[in-house]
Amino acid sequence: MPHSFGARARTRDMFKRGFKQHGLIKMSTYLRTFRIGDIVDIKANAAEQKGMPHKYYHGKTGIVYNVSPRAVGIIVYKTVGNRKIEKRVNLRIEHVRHSKCRDDFLQRVKDNAAAKKLAKEQGTRVTVKRLPAAPREAHTISVSAANKPETIAPAPYDTFI
């Protein structure tokens, strides 16, 4: 049973750096551009202790509402009891990265726009709606001499002492 209940209690594995990622923070981290409305993921970087998020926000996704020279303000929704409370957290940019949750959607928007443009040039209609995955096609399996069924049985229990 742990006895301390501090802000960084039980974060040994949570805040650790990845394999071969220890040491100085890469310059590309500081060169990322954040804009108001961006969707970002919060992941604490243990190499920089200033502006570090509380362990609750580690792994959460939020929206940027404020940008300052070294930090960004992020809106995160926290569940308290039976309601969601909007929390505004200010974090240094070392602890924030752009979320990839919208990449699929934005790529689909581009593909749909290109498909519509091509269909308009050709004078045809195009359907851009997504369809759910269909069930697998029916097929038969031959049990010829080359494809004999194999019977599988469990190995008998034995104590190898």
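On a 1 Å grid over the protein atoms alone, a pocket is an open set of points where a 1.4 Å probe fits, with protein on both sides within 12 Å along at least five of seven lines, and its lining residues have an atom within 4 Å of a point. The structure is a predicted model, in which local features need pLDDT of at least 70 and side-chain atom pairs count only at pLDDT 80 or more, while totals for chains, interfaces and linings use all residues. Residues are numbered from 1 along each chain as its sequence is written, and side-chain values use heavy atoms, with hydrogens and water left out.

**The largest pocket**

Begin by selecting Arg-17, Gln-21, Lys-26, Asn-45 and Arg-97, which lie nearest the centre of the largest pocket among its 19 lining residues. Its volume is about 410 Å³, a volume being the space filled by probe spheres set on grid points that are joined across faces, edges and corners. Next, colour helix H1 (27–30) and strand E5 (96–98), each of which supplies at least two residues of the lining. Helices (H or I, at least four residues) and strands (E, at least two) are DSSP runs, numbered from the N terminus. By class, the lining divides into 6 nonpolar, 6 polar and 7 charged residues. Here Ala, Val, Leu, Ile, Met, Phe, Trp, Tyr, Cys and Pro count as nonpolar, Asp, Glu, Lys and Arg as charged, and the others, Gly among them, as polar.

**The segment before H1**

Move to Arg-10, in the segment before H1. The phi of Arg-10 is near 60°, a positive value in a residue other than glycine. Lys-20 is also placed in the segment before H1, and has a positive phi of about 60° although it is not a glycine. Lys-20 counts as exposed because its relative accessibility is 69%; exposed means over 50% relative accessible area, buried under 20%, and partly exposed in between (1.4 Å probe, protein chains only).

**The loop from H1 to E1**

Select Ile-36, in the loop between H1 and strand E1 (39–42). Is this residue buried or exposed? Ile-36 counts as exposed because its relative accessibility is 62%. Leaving aside residues up to four places away in sequence, Ile-36 touches Val-64, Tyr-65, Asn-66 and Val-67, a contact being heavy atoms within 4.5 Å. For a view across the model, draw the distance from Ile-36 to Lys-117: their C-alpha atoms are separated by 31 Å, with the residues 81 apart along the chain.

**The largest nonpolar core**

Now display Phe-34, Val-40, Ile-42, Tyr-57, Val-64, Val-72, Ile-74, Val-76, Val-89, Leu-91, Ile-93 and Val-96, the 12 residues of the largest nonpolar core. The elements giving two or more residues to this core are E1, strand E3 (71–80) and strand E4 (83–92). E3 provides the largest share, 3 residues. A nonpolar core is a set of buried Ala, Val, Leu, Ile, Met, Phe, Trp, Tyr and Cys residues joined through side-chain atoms within 4.5 Å. In soluble globular proteins, nonpolar side chains tend to be buried together.

Centre the view on Leu-91, which touches Ile-42, Gly-51, Met-52, Pro-53, Ala-71, Val-72, Ile-74 and Val-96, not counting residues up to four places away in sequence. Then step to Ala-71, in strand E3. Ala-71 counts as buried because its relative accessibility is 18%. Ala-71 and Leu-91 are 20 residues apart along the chain, and their C-alpha atoms are separated by 5.4 Å.

**Helix H2**

Finally, select helix H2 (residues 103–122), whose 20 residues reach 29 Å from first C-alpha to last, close to the 28 Å expected at 1.5 Å a residue. The expected span is 1.5 Å times one less than the number of residues. Lys-120 is in helix H2 and is exposed because its relative accessible area is 72%. The C-alpha atoms of Lys-120 and Ala-133, 13 residues apart along the chain, are separated by 28 Å. Glu-121, likewise in H2, is exposed, with a relative accessible area of 59%. From Glu-121 to Ile-63, 58 residues away along the chain, the C-alpha separation is 38 Å. The tour ends just after H2, where Gly-123 takes a positive phi of about 75°.
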